[in-house]
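Take a look at the fold shown here. The report below goes through it part by part.

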Amino acid sequence: MTVSVDEFKKSLQLWASGITVVTTSSDKYGIQGMTVTAFSSVSVNPPQILVCINNSADTGEGIQESHSFAVNILSSNQEKTSNNFAGGSSQKERFEKTDWTLGSTGAPILNDSLMSLDCIVVDKFLAGTHWIIIGEVQQCICRTGEPLVYYRGGYRQLANN
Ligand SMILES: Cc1cc2nc3c(=O)[nH]c(=O)nc-3n(C[C@H](O)[C@H](O)[C@H](O)COP(=O)(O)O)c2cc1C
């Protein structure tokens, strides 16, 4: 049985997730970042997470170069940041509109995000169109606030109950 791309995409829209901006910094490409919903925890000890990055994404190239990245989980008031890092502007413009500092691995940490995980790459696999990149967490930075939620192709807020 074959599943069409449309059917597959429509089905996955029923999966509610948070939104992240994955960042990296390398000598070759400088600082880079992109919006990513394909994020998951993998292992507790050692602390590992994964992100899935399209093999055509510039930021993915940078991660392969630097062997490190940060995952910044967006707060409820960061819709603009999500759109900003989803393409249509240069990396320079993306970071000009955001308050950031360098984390312990050298990857940019977005200061207004809800939580940031600074990671080194420990494994990667190419699966279809995407790289599955596994990172071992070197530093966790938690802040206060509510998460930005993505569901059925749109931004959502958690209900207050
Ligand atoms: C809500 C949202 C979620 C996204 N999730 C992913 C994702 O999980 N993986 C991915 O490769 N691209 C994802 N994208 C697309 C990238 O953010 C976009 O293609 C980005 O510009 C690629 O980065 P680059 O400019 O470094 O090439 C998402 C875009 C949006 C708006």
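Predicted model: local features only at pLDDT ≥ 70, side-chain atom pairs only at ≥ 80, totals over all residues.

## A helix across the strands

Along with strand E3 (30-36) and E5, H2 supplies at least two residues of the shell around the ligand.

## The shell around the ligand

Which residues come nearest to the ligand? They are Met34, Ala38, Asn54, Thr59 and Gly87, out of 17 residues around the ligand. E3 gives the largest share of this shell, with four residues.

Nine of its residues are nonpolar, seven are polar and one is charged.

## The seven-stranded sheet

Strands of a sheet pair through backbone hydrogen bonds, and the pairing can be parallel or antiparallel. In this protein, seven strands form an open sheet with antiparallel pairing. The order is E3-E2-E6-E9-E10-E5-E4. E3 and strand E4 (39-43) stand at the edges. Each has a single partner strand, so one side of each is left without a neighbour in the sheet. On average, neighbouring strands of this sheet are turned by 35° against each other, direction ignored.

Now follow some of the pairs. Strand E9 (residues 115-127) pairs with E10 over 12 bridges, in the antiparallel sense. Cys119 has Val137 in E10 as its bridge partner. The hairpin of E9 and E10 has two residues between the strands. Gly128 in this hairpin takes a positive phi near 60°.

E10 (residues 130-142) is also joined to E5 (residues 48-54), by seven bridges. These two strands run antiparallel. Here Gln48 stands opposite Glu136 in E10. E5 in turn is joined to E4 by four bridges, and this pair runs antiparallel too. Ser40 has Leu50 in E5 as its bridge partner.

## The three-stranded sheet

There is also an open sheet of three strands, in the order E1-E11-E12. Its pairing is antiparallel. Strand E1 (17-18) and strand E12 (154-156) stand at the edges. Why is one side of each left without a neighbour in the sheet? Each has a single partner strand.

Strand E11 (residues 149-151) pairs with E12 over three bridges.

## Phe8: buried or exposed?

Phe8 is found in helix H1 (residues 5-12). Phe8 has 9 C-beta neighbours inside 10 Å. A residue with 12 or fewer counts as exposed, so Phe8 is exposed.

Val149 is 141 residues from Phe8 along the chain. The C-alpha atoms of the two are separated by 20 Å.

## The protein as a whole

The secondary structure comes to four helices and 12 strands. Along the principal axes, the C-alpha atoms fill a box of roughly 45 × 40 × 35 Å. How does the radius of gyration fit what a compact globule would have? With 161 residues, such a globule would have a radius of gyration near 15 Å. The protein has 15 Å, which agrees.

Buried residues make up 31% of the 161 residues. Consider the contacts with a separation of 6 or more: residues 24 or more positions apart account for 64% of them.

Methods: Residues numbered from 1 in each chain as written. Pairing = 2+ DSSP bridges. Near = placed C-beta within 6 Å. Nonpolar A, V, L, I, M, F, W, Y, C, P; charged D, E, K, R; others polar. Axes fitted to C-alpha atoms, helices over the stretch in contact; angles between N-to-C directions. Rg over C-alpha atoms; globule rule 2.2 N^0.38 Å. Buried ≥ 20, exposed ≤ 12 C-beta atoms within 10 Å, placed from the backbone. Contact = placed C-beta atoms within 7 Å.
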